[in-house]
Amino acid sequence: MSRFGWSFFLFYAAAGLLFPYFPILLRGYGFDYQETSYLSSVRPFVILCAPPLLGWAIHKWNLKTQVVLTLLGVLFALTAPLFFLPMSFGLCLLVSVIHFSFREPLKPLLESLTLNFVNRDGHHYGRIRILGSIGFIITALLGGKLFEWGPVYPFISAYFICALLCVPLYSSLGSTVKSETDKPRSNVTSLNRKQLLFLGLIFLRSLSHAPLMLFLSIFLREELGVEFRWIGVYWLVAVLA
């Protein structure tokens with residue numbers, strides 16, 4: 001169980017740096033509010049496109065989920081230092097598309113392996129997943145201090161280290177899950193009425209959630225004058241809830 005728990009811990013430790021501070025990082029690059037919103041919309045767009053396409057590829061070619069997870073983890077880590085580059089809007093857009101295309105499919109793949117493991121051996125999913133929340137809390141609280149030391153190099157370095165440490169954990173998960181070649185394949189080709197309604201509710205929820213994710217830290221920093229080291233405390237409230 002510890003390997004799955006620590007995988008969640010490190011994945012969400014990187015997220016604890018990304019979610020609260022990435023918009024501030026973009027502002028630090030000199031982008032205005034409109035450019036920051038465009039660049040921040042890359043990640044939700046990739047979430048919409050990349051996981052379904054990857055899931056289709058895994059299903060079509062019967063790929064091992066753990067192998068794909070490990071490969072994406074390597075590429076996720078290797079593309080993180082691209083944010084060290086001097087950024088124009090076009091370059092930052094390209095780097096964001098490349099990096100998030102490797103990062104965003106990691107979560108559903110890790111969830112899939114974890115649920116397979118939990119259902120097989122009777123472990124409690126919540127006890128594994130809670131380590132992810134703890135990782136998020138720790139880095140969200142420490143991330144502001146990194147910005148005080150320097151907005152780019154300490155921050156991106158910590159983000160890169162979290163991403164890099166995920167790789168050996170991902171590669172070790174194969175021995176803990178059942179072979180996927182024996183799993184039945186779903187023949188579902190359409191969504192029923194309740195599923196469509198649920199998707200509609202998720203869409204409405206995202207309309208309010210996405211602007212909060214983007215502008216909360218910018219608002220705290222630029223409008224309320226909150227110091228960097230306190231921004232993580234505001235995000236802590238959401239995680240504790």
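Me: How does helix 9 pass helix 10, in a left-handed or a right-handed crossing?

Reply: Helix 9 passes helix 10 in a right-handed crossing. Keep in mind that this is a predicted model.

Me: Which residues make that contact?

Reply: From helix 9 the contact uses Met-213, Leu-216, Ser-217, Leu-220 and Arg-221, and from helix 10 it uses Phe-228, Ile-231, Tyr-234 and Trp-235. Sorted by class, the contact of helix 9 with helix 10 has 7 nonpolar, 1 polar and 1 charged residues.

Me: How do I read the geometry of such a pair?

Reply: Two packed helices are described by two values, the angle between their axes and the distance between those axes. Here the axes of helix 9 and helix 10 come within 10 Å and cross at roughly 140°.

Me: Why are helix 9 and helix 10 called oblique to each other?

Reply: Only angles over 145 degrees count as roughly antiparallel. The axes of helix 9 and helix 10 cross at roughly 140°, and the two helices are therefore oblique to each other.

Me: Which residues lie nearest the centre of the largest pocket?

Reply: Arg-43, Ile-47, Arg-205, His-209 and Met-213 lie nearest its centre, out of 45 lining residues. Met-213 also belongs to the contact of helix 9 with helix 10.

Me: What is the lining of the largest pocket by class?

Reply: The lining of the largest pocket has 32 nonpolar, 7 polar and 6 charged residues.

Me: How many cavities of 30 Å³ or more does the structure hold?

Reply: The structure holds 1 cavity of that kind. The largest cavity contains about 30 Å³ of space.

Me: Which residues line the largest cavity?

Reply: Its lining consists of Leu-18, Phe-22, Phe-83, Phe-155, Ile-156 and Tyr-159. Helix 1 and helix 8 (153-172) each supply at least two residues of this lining, and helix 8 gives the most, with 3 residues. By class, the lining of the largest cavity has 6 nonpolar, no polar and no charged residues.

Key: Residues numbered from 1 in each chain as written. Predicted model: local features only at pLDDT ≥ 70, side-chain atom pairs only at ≥ 80, totals over all residues. Heavy atoms only, no water. 1 Å grid on protein atoms, 1.4 Å probe; cavity = no way out; pocket = protein on both sides within 12 Å on 5 of 7 lines; lining within 4 Å. Nonpolar A, V, L, I, M, F, W, Y, C, P; charged D, E, K, R; others polar. Axes fitted to C-alpha atoms, helices over the stretch in contact; angles between N-to-C directions. Helix = DSSP H or I, 4+ residues; strand = E, 2+ residues; numbered from the N terminus. Parallel < 35°, antiparallel > 145°, perpendicular 65-115°, else oblique. Left-handed = near helix turned anticlockwise from the far one by under 90°. Contact = heavy atoms within 4.5 Å. Points joined across faces, edges and corners; volume = space filled by probe spheres on them.
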